[in-house]
Amino acid sequence: MQRVHHLAEAASVAAPTPELCLIAGLIIALTEGKPAKVEKMARGMRTFVDAHREMHTVMRLRGAEHDAE
C-alpha cells in the first residue's frame, strides 16, 4: 500500500519554476519547424535520464538551498 501511495505522490506535477519555463522557451525557439532537432534532443535527454537511473543517483536541477521551495 505504501508503494501505491508513493507512486501516486510521484505522479503529481510541481508548479513550473522560472528555470523550467526558460528552458522550455529555449527548446521551442531552437527546434521550431525542425523535427530532426527535436528527435535528437529528446534522444539525448532520454539517454541522460536513463544513465542516471542506472547509476541510482539523484539528478538535481538546482541547489539544495531551494529544496524548501
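Me: Which residue takes a positive phi of about 75° just after helix 2?

Reply: This is a predicted model, in which local features need pLDDT of at least 70 and side-chain atom pairs count only at pLDDT 80 or more, while totals for chains, interfaces and linings use all residues. Residues are numbered from 1 along each chain as its sequence is written, and side-chain values use heavy atoms, with hydrogens and water left out. Helices are DSSP runs (H or I, at least four residues), numbered from the N terminus. Just after helix 2, the residue with this positive phi is Gly33.

Me: How far apart are the end C-alpha atoms of helix 2?

Reply: Helix 2 covers residues 18-31, and the expected span of a helix is 1.5 Å times one less than its number of residues. The 14 residues of helix 2 should therefore span 20 Å, and this agrees with the distance between its end C-alpha atoms, 20 Å.

Me: Is Thr31 buried or exposed?

Reply: Thr31 has its place in helix 2, and it touches Lys37, Val38 and Met41, not counting residues up to four places away in sequence, where contact means heavy atoms within 4.5 Å. Buried means under 20% relative accessible area, exposed over 50%, and partly exposed in between (1.4 Å probe, protein chains only). Because its relative accessibility is 9%, Thr31 counts as buried.

Me: Which residues make the nonpolar surface patch of about 330 Å²?

Reply: Patches are made of residues with over 30% relative accessible area and no salt bridge, like charges being joined within 9 Å and nonpolar side chains (Val, Leu, Ile, Met, Phe, Trp, Tyr) within 5 Å; the areas come from the Shrake-Rupley method with a 1.4 Å probe, and for residues only the protein chains shown count as cover. Ile23, which lies in helix 2, counts as partly exposed because its relative accessibility is 45%. The patch is made by Leu20, Ile23 and Leu61.

Me: Which residue forms a salt bridge with Arg43?

Reply: A salt bridge is a side-chain nitrogen of Lys or Arg within 4 Å of a carboxyl oxygen of Asp or Glu. Arg43, at 47% relative accessibility, counts as partly exposed. With the closest N and O atoms 3.3 Å apart, the partner is Glu39.

Me: How many salt bridges does the structure hold?

Reply: Besides the pair of Arg43 and Glu39, the side chains of Asp50 and Arg46 meet in a salt bridge at 3.4 Å, N to O. Asp50 and Arg46 lie in helix 3, four residues apart. The number of salt bridges that the structure holds is two.

Terms used:
Helix = DSSP H or I, 4+ residues; strand = E, 2+ residues; numbered from the N terminus.
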